[in-house]
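Subject: A structure for you to look at

Dear colleague,

I am passing on the structure we talked about, and I would be glad if you opened it beside this message and followed along. Please take your time with it and look for each feature as it comes up.

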Amino acid sequence: MCRAVKVLCVATDDEALQALRRVTTAAEWELTPSATNEIDALGLIDSERPHTMVAFGGFERLVSLARDRFPTLRIVTDRDTPGADAVAASRDDVRELLRSLGRPGGPIVDGPRAQPPQGSQP
């Protein structure tokens, strides 16, 4: 069973979020609902189980919490942040960084205790 890679976008306000979603959109993955604050983002990580989170803004604590809870979650930020897998110099870099992180592999597990898939495929 194939499933699209899910990407969660997080930005500091609605305008920045819409701009980030526009540059993140690609046929290779599915955008989940997005967030403009830490609480909503954590709720979406729990409910949507994204494979990747793209966070633009001062979300160091969110990155730390997400990394602790979901160690295999791929994280792209716009600044050097402990726990991030990649740093985008601008929004225009996001799509290519997402492609470079690879696709998740492993079994698909659904349910309230499901974790994002582990591993990667070339």
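This is a predicted model: local features need pLDDT of at least 70, side-chain atom pairs count only at pLDDT 80 or more; totals for chains, interfaces and linings use all residues.

Of its 122 residues, 43% count as buried, while the protein exposes about 6,600 Å², of which carbon and sulfur atoms supply 49%. If you take the contacts between residues at least 6 apart in sequence, 48% of them join residues that are at least 24 apart.

Turning to the interior, in soluble globular proteins nonpolar side chains tend to be buried together. In this model the largest nonpolar core has 19 residues, and the members that touch the most others are L20, W29, V54, V76, V94 and L98. Two or more residues of this core come from each of strand 1 (5-11), helix 1 (14-24), strand 2 (29-31), strand 3 (52-56) and helix 4 (94-100), with strand 1 giving the most, namely 4 residues.

The next feature is a pair of helices. The axes of helix 2 (residues 38-48) and helix 3 (residues 60-69) come within 10 Å and cross at roughly 20 degrees; since angles under 35 degrees count as roughly parallel, helix 2 and helix 3 are therefore roughly parallel to each other. Helix 2 passes helix 3 in a right-handed crossing, and the residues that meet are E38, A41, L42, I45 and D46 from helix 2 and R61, L62, L65, A66 and R69 from helix 3.

Finally, please look at R49, which lies in the loop between helix 2 and strand 3. R49 is not a glycine, and yet it has a positive phi of about 50 degrees. Is R49 buried or exposed? Its relative accessibility is 15%, and because the limit for buried is under 20%, R49 counts as buried.

With best wishes,
A colleague

Key
Residues are numbered from 1 along each chain as its sequence is written. Side-chain values use heavy atoms; hydrogens and water are left out. A nonpolar core is a set of buried Ala, Val, Leu, Ile, Met, Phe, Trp, Tyr and Cys residues joined through side-chain atoms within 4.5 Å. Buried means under 20% relative accessible area, exposed over 50%, partly exposed in between (1.4 Å probe, protein chains only). Contact means heavy atoms within 4.5 Å. Accessible areas come from the Shrake-Rupley method with a 1.4 Å probe; for residues, only the protein chains shown count as cover. Axes are lines fitted to C-alpha atoms, for helices over the stretch in contact, and angles run from 0 to 180 degrees between N-to-C directions. Angles under 35 degrees count as roughly parallel, over 145 as roughly antiparallel, 65 to 115 as roughly perpendicular and the rest as oblique. A crossing is left-handed if the near helix is turned anticlockwise from the far one by less than a right angle, and right-handed if clockwise.
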